[in-house]
Amino acid sequence: MSLIKTDLLIKYFKIIFLIILVFSNTTTFGAVSSLVGQHNWDITQQKQPTGVLFNPDGTKMYSTGITQNKIYMYSLTSPFVVTTATYASKTCDLEGENDALMFRFNSNGTAMFVLDTKSTETIDKYSLTTAYDISTCTFVTGSSQDFGEGLEMRSFAFSNDGLKIFIFDQDGNSNKHSIKQYSLSSSFDLSNPTLTTDYIGHNGDLNSIEDFAQGLEFSSDGSKMFITGNNEDTILEFSLSNPFDLTATVTYEGEYIVNDVVELAAITFSTDGSKMIVADWKNTDATRGVYQYDLTCGFGVVKCIDPTANKDDVASIESQSESAKKLIQHTTYPVVNRMGWLRRNNNRGNLTNQNIKFQFKNEVLNSLSKTLLPVYLSNYDSLNKDNQNSSWSLWSEGTISVGKIGDTSVSSSKNINTSAITLGADKRGKDNIMRGIALRFGSDDVDVGNLGSALNMSAFSLTFYETKPKREERFIDHLLGLSFINSDLINNSGSTSTNGERSGEQLYGSFSLRDTLSQNNLNFTPKIKIDYGLTHFAEYTETGAVGLNLKFKDQYIGNFITSVGANIDKNFELKNKSFLPFFDFNYSADMSPSTKQKFSYASSGDKYTLDNINNDTHSIHAGIGFDLITDSGFNLMTKYTRDQSKGGGYNDNFLIAGDYRSSHNSSYVLSVHETSTEISYKNNYNTLNIDVSGNLDLFAEDPEYGIFLKIYTIK
C-alpha cells in the first residue's frame with residue numbers, strides 16, 4: 001500500500017514539475033527555439049561589432065563597430081543564415097573619427113544613415129550609387145543631424161515609410177533611458193525633425209536595462225519594439241497598439257536573457273521574423289561575432305505577435321465577412337430592381353431592358369472622371385404586347401461601387417471597390433407569374449490599412465426568381481441563389497507579406513410581400529422584405545513568410561436582414577405617352593448572428609480567435625425617379641438613390657437614360673450619368689448593322705471624349 005502511495009506521489013511531483021517547466025519555458029524563454037550558429041570575425045575585419053543589418057532578401061550582411069571606422073559587407077549563400085557568410089571585400093569608409101554604433105538604409109537602399117558617437121553625437125547620411133552596395137558610399141556634406149538636444153544616442157530606427165525616426169537616448173528624461181519619437185517632414189529627411197513623444201518605458205522608466213544599452217529594433221509591421229542591454233544581456237519586448245507609434249498604448253511583454261553572449265549590442269531579424277540575429281560586443285577577439293536564433297513564430301522573442309491585437313490583421317478578417325454579406329446584397333439588388341421595374345411597367349409589351357449603373361461614396365465623386373454609363377435599350381415597340389406570354393425578355397445591370405470604411409480602435413480602414421455585371425432572362429406565364437434566372441459575375445477589391453494588405457474576392461452567382469400576383473395589386477417576390485467564391489489575400493507586414501487563397505460557397509434567398517393601394521392612378525405600396533443566407537469559407541494556410549504564416553479554420557457566416565418600407569408612384573396618362581414618377585423608402589435592420597474566426601500560427605501552433613465579427617447594423621435606403629414611355633418609341637428613365645448606414649457611411653447614385661426608336665430598323669440612345677454623356681445611333685438594313693456611339697465629359701479635369709463605329713452583319 002505504501003509503495004502505491006509512493007508511486008502516486010512521485011507521479012504527482014512529476015506532473016507539478018512538468019507544469020512548472022512548461023510555464024518557465026513559456027514566460028522566460030518565449031518563442032526562441034535554438035541557437036543556430038555563431039559567425040567569428042577575422043581580426044583584420046570588424047572589431048567590437050555594435051551594429052548588424054541585412055539587405056531585404058538576406059543575401060548581404062553588414063556590420064559596423066566603434067574601432068574600425070568602417071562598415072563591412074558579407075555575402076550569404078543562404079538568406080539570413082549567418083554561418084554561410086563570407087567577407088565580400090567591400091567596405092564603406094566613414095568620414096572623420098567615427099565611433100559608429102548603428103546604421104540604417106532607406107527603403108530602396110540608395111542612402112545610408114550612420115550613428116556617429118565620437119564627439120558630438122550625430123546621425124550622418126551617405127549616398128550609395130548602387131543600392132545596398134556600401135563600397136559606393138559617399139558622405140553627404142552638411143547632412144549631420146544632432147537633433148539639437150545633446151542626446152546620448154545609442155541606437156535608432158525608422159518607420160517603414162521613413163516619416164518617423166526613433167532614437168534610443170541613454171541619458172534621456174531626468175537622466176533616465178528614453179526612446180524619442182520624431183516626425184519627419186518627408187521620407188528619410190532628417191533636416192527638420194519634430195519631437196512627438198519621449199517614451200520612458202514600463203513602470204515609468206527604462207532603467208531596468210543597463211547604462212550601455214546598444215540595440216533598438218521594431219518588427220516589420222511596427223507592432224513590436226525590442227531593446228537590448230549588454231551587462232545582463234537582456235532583450236526587452238514591447239507591444240504597440242498602433243504600429244510605429246509610442247504615443248499610443250505600449251505594453252511591456254517581458255524579457256529574454258541571451259546566455260550565449262557576453263556583451264549584447266545590436267538586434268535585428270529576418271524579414272519574416274523567423275530568425276533573430278544579435279551582435280556580441282566582446283573584448284576577446286577570437287569569440288567576437290554575430291549569433292543567429294530560430295524563433296517559433298515571427299518576432300516572438302518573448303511572445304508571439306497577437307493577430308487579434310493587430311489592426312490590419314483584424315481588418316483583413318473583417319473584410320472577408322463583410323464582403324460575404326455584401327455579396328448577398330449586391331447579388332439580390334439587381335433582381336429586386338428588375339421585379340420592381342416589371343411591376344411599374346406591367347402593361348408594357350416589351351420587357352427587355354439594359355441598365356448599367358455606377359455607385360460610389362460622396363467623398364470620391366470629384367475624383368472620378370469617367371463612369372460606366374447606364375444604357376436602357378428597347379428592342380420592340382413599347383405597346384406591342386403580342387409576345388408577352390410567348391418569349392423571353394432579356395435584361396442586364398452593371399454596377400461599380402467605390403467606398404471606404406473608416407478605422408476603429410481595433411481595426412484599420414478599408415477602401416472597397418466593387419464591380420459586377422448581371423445578365424438575366426425572364427418570362428411571363430399565362431397565370432401572370434413572372435419567372436426568371438440571373439447570372440452575376442462580380443469582384444470585390446478591398447485595400448486594408450496602409451501597408452498593402454488586400455482582399456480580392458471574385459464570385460459567380462446563379463439566381464432563380466419569381467414575382468407572383470396574389471391579387472390584382474398584391475405581389476409576392478422571392479428568389480433563391482447560389483454563389484461560388486474565390487478569394488486572393490495579401491497580408492502585408494511592412495517589409496514582408498503573406499499570401500493566401502480561399503474558396504467558399506454561399507446560399508442566399510429573399511422574400512418580399514407588397515400590397516398596392518390605388519386611387520386616381522396614385523399607387524401606395526407598403527412592403528416587407530427578408531434577406532437570408534449562409535456563407536462557408538474553407539480553411540487555408542498562408543504562404544510567403546515562415547514566421548508569420550497563419551492557418552485559418554473553416555468559417556461560417558450567417559446573414560439575416562429584415563426591411564420595411566413603401567413605394568409611391570403615380571401614372572399620368574398623357575397624349576401618346578405615359579409618365580410614371582416614383583419614390584421608395586426602406587429601413588433595414590441587420591440581425592445576422594455574429595461570426596468568429598479561429599486561426600493559429602502555422603509554425604508554432606499558437607491559437608487565436610477573433611469573436612463578434614460584424615455586429616448588428618441599421619441602414620436607410622431612399623430613391624426617387626420616373627419612367628417616361630411614349631408611343632413614338634421614345635423612352636426615358638431616371639433615378640437617384642441614397643443608402644445611409646448607422647455608422648455614417650453612405651452611397652449616392654444618380655442615373656438618367658433614354659432611347660428613341662424612330663423606326664423598326666433604327667434607334668437613338670442618350671445617356672447622362674454624373675458629368676458624362678453618351679449618345680449612340682443604331683441602324684440595321686437587311687443583314688447589315690451600323691452602330692455609332694460617342695461620349696463626352698466636359699467637367700473632367702481634362703475633358704474626355706470618344707467616338708466609336710461598329711459595322712457588322714447578321715445572317
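**Figure 1. Lys-553 in a loop between two strands.** In this predicted model, Lys-553 is placed in the loop between strand S32 (550-552) and strand S33 (555-570); strands are DSSP runs (E, at least two residues), numbered from the N terminus. Lys-553 has 43% relative accessibility and therefore counts as partly exposed (buried means under 20% relative accessible area, exposed over 50%, partly exposed in between; 1.4 Å probe, protein chains only).

**Figure 2. A positive surface patch of lysines.** Lys-553 forms this patch together with Lys-551, Lys-596, Lys-598 and Lys-607. Patch residues have over 30% relative accessible area and no salt bridge, and like charges are joined within 9 Å. A salt bridge is a side-chain nitrogen of Lys or Arg within 4 Å of a carboxyl oxygen of Asp or Glu.

**Figure 3. The disulfide of Cys-92 and Cys-137.** Two disulfides are found in the whole structure, a disulfide being a pair of cysteine sulfur atoms within 2.5 Å. The sulfur atoms of Cys-92 and Cys-137 are 2.1 Å apart, and the S-S torsion is about 100 degrees, so this disulfide is right-handed. Because Cys-92 lies in strand S5 (residues 85-93) and Cys-137 in strand S9 (residues 137-139), the pair ties together parts 45 residues apart in sequence. Cys-92 counts as buried at 0% relative accessibility, as does Cys-137 at 17%.

**Figure 4. The disulfide of Cys-297 and Cys-304.** Here the sulfur atoms are 1.9 Å apart, and the link is left-handed, with -100 degrees about the S-S bond. Both Cys-297 and Cys-304 are buried.

Residues are numbered from 1 along each chain as its sequence is written, and side-chain values use heavy atoms, without hydrogens and water. In this predicted model, local features need pLDDT of at least 70 and side-chain atom pairs count only at pLDDT 80 or more, whereas totals for chains, interfaces and linings use all residues.

Conventions. Patch = residues over 30% accessible without salt bridge, like charges linked within 9 Å, V, L, I, M, F, W, Y side chains within 5 Å. Areas by Shrake-Rupley, 256 points an atom, 1.4 Å probe, with all protein chains shown as cover. Lys, Arg positive; Asp, Glu negative; His and termini not counted. Charge placed at Lys NZ, Arg CZ, Asp CG, Glu CD. Helix = DSSP H or I, 4+ residues; strand = E, 2+ residues; numbered from the N terminus.
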